[in-house]
Amino acid sequence: MRSALIQLTVSDDPVANLPVTLDLVRQAVAGGAGFVLTPELTNGLSSSRAFQRGVFRHEEEDATLAALRAEAKAAGIWLLIGSLGLLTHDADGRFANRSLLVGPDGGIAARYDKIHMFDVNVSATEVYRESEGYRPGTRAVVAETPFARLGMSVCYDVRFPALYRRLAQGGAQVITVPAAFNHITGAAHWETLLRARAIETGCFVLAPAQTGFHPEANGKGRRTHGHSLAIAPWGEVLADAGTAPGMTFVDLDLARVEEARHRVPSLSHDRDFDGP
């Protein structure tokens, strides 16, 4: 299966972001991709919860989702919408950071809500509390497709290897890690973490990313690392998108999954132990 990782520099305006995303999806299809992946928060990045409340929609009303579902159906492709910020009906009013797998019929084949929230102190001036605006998911997801079993995750999840072991032992052959990775932590950790998750699981890892400076209506903004990556099951970097928006193609051969797991069958070597 030929896959395409789409790299975006979204603003906080879903209406303005959508045409750019659709154009890149169409370019990916023209290049022969049957599986196209977009990054985390494809509809928009913002530091303002009040602003997000004004532009986010519930899943059934989200214009970005509707347009991308229609595009997947028209092209007959599988499309991973890395994630969308969506309103929920939760009593505390927090959003969902939801990854959605769309099939060639335009239907939603799988949903995954990001489990691990980015509550970190990157520096004295960059402090993030994702859990204040988004409520964490509670369920790991492996999705069946005709070309592979996909283990779904989002961004900060990548720092929690137990999730990926669970996905691989649950049948995943390809793991998706759409992200809007911070530019500071990204430079230090992004590639290393993704390669580690591929090596530990014997899976392909596909990680479409946000990149560059993301402007906001309030004059603020944030930077993301870029470098959408495709990693082979043995840990080799197959493709690196660099820092420009665009797309990157990669061809998947699932025989490499079986080969890596045969050489190092660590997924079957769990042992109980005591302490600490």
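The face of α5 that is turned away from its buried side carries the exposed residues Ala162 and Arg166. In this predicted model, the buried residues of α5 are Leu163, Tyr164, Leu167 and Ala168. These residues cover an arc of only 130° around the axis, which puts them on the same side of α5. The cover over the buried residues of α5 includes strands β5 (108-113), β8 (141-144), β9 (149-152) and β10 (174-176). Helices α6 and α7 are also included in that cover. After α5 comes Gly171, with a positive phi near 110°.

**Helix α7 and the end of the chain**

Helix α7 spans residues 255-263, and its residues Val257, Ala260 and Arg261 are buried. Viewed down the axis of α7, the buried residues fall within an arc of 95°, so they line one face of the helix. Among the elements that cover them are α5 (161-169), α6 (183-201) and β11 (204-207).

The segment after α7 contains Pro276. The peptide bond that leads from Gly275 to Pro276 is cis, and its omega is near -5°.

**Overall architecture**

The chain contains 7 helices and 16 strands. Its radius of gyration is 18 Å, which agrees with the value near 19 Å that a compact globule of 276 residues would have. Along the principal axes, the C-alpha atoms fill a box of roughly 50 × 50 × 35 Å. Of the 276 residues, 56% are buried. Among contacts with a separation of 6 or more, 70% are between residues 24 or more positions apart.

The accessible surface of the chain comes to about 11800 Å², and carbon and sulfur atoms account for 52% of that area. The chain has 27 positive and 31 negative side chains. The centres of these two sets of charges lie 1 Å apart.

**Residues in loops**

Ser11 lies in the loop between β1 (2-7) and α1 (14-30). At a relative accessibility of 16%, Ser11 counts as buried, because the cut-off for that class is under 20%. Leaving aside residues up to four places away in sequence, Ser11 touches Asn17, Gly44, Leu45 and Pro215.

Leu41 is found in the loop between β2 (35-37) and α2. Its phi is near 50°, a positive value in a residue other than glycine. With a relative accessible area of 7%, Leu41 is buried.

A positive phi, of about 60°, is also found at His227, which is not a glycine. This residue is placed in the loop between β13 (221-225) and β14 (229-231). His227 is partly exposed, its relative accessible area being 22%.

With a relative accessible area of 52%, Glu61 is exposed. From C-alpha to C-alpha, Glu61 and Gly170 are 32 Å apart in space, and they are 109 residues apart in sequence.

Pro136 lies in the loop between α4 (130-133) and β8. Its relative accessible area is 32%, and Pro136 is partly exposed. Pro136 and Asn97 are 39 residues apart in sequence, while their C-alpha atoms are 7.9 Å apart in space. The residues that Pro136 touches, not counting those up to four places away in sequence, are Arg94, Lys114, Ile115 and Met117.

| Residue | Relative accessible area | Class |
|---|---|---|
| Leu41 | 7% | buried |
| Ser11 | 16% | buried |
| His227 | 22% | partly exposed |
| Pro136 | 32% | partly exposed |
| Glu61 | 52% | exposed |

Definitions and conventions:
Residues are numbered from 1 along each chain as its sequence is written. This is a predicted model: local features need pLDDT of at least 70, side-chain atom pairs count only at pLDDT 80 or more; totals for chains, interfaces and linings use all residues. Side-chain values use heavy atoms; hydrogens and water are left out. Helices (H or I, at least four residues) and strands (E, at least two) are DSSP runs, numbered from the N terminus. The radius of gyration is taken over C-alpha atoms; the globule rule is 2.2 Å times the number of residues to the power 0.38. Buried means under 20% relative accessible area, exposed over 50%, partly exposed in between (1.4 Å probe, protein chains only). Contact means heavy atoms within 4.5 Å. Accessible areas come from the Shrake-Rupley method with a 1.4 Å probe; for residues, only the protein chains shown count as cover. Lys and Arg count as positive and Asp and Glu as negative; His and the chain ends are not counted. The place of a charge is taken as NZ of Lys, CZ of Arg, CG of Asp or CD of Glu. The arc is that of the directions from the helix axis to the C-beta atoms.
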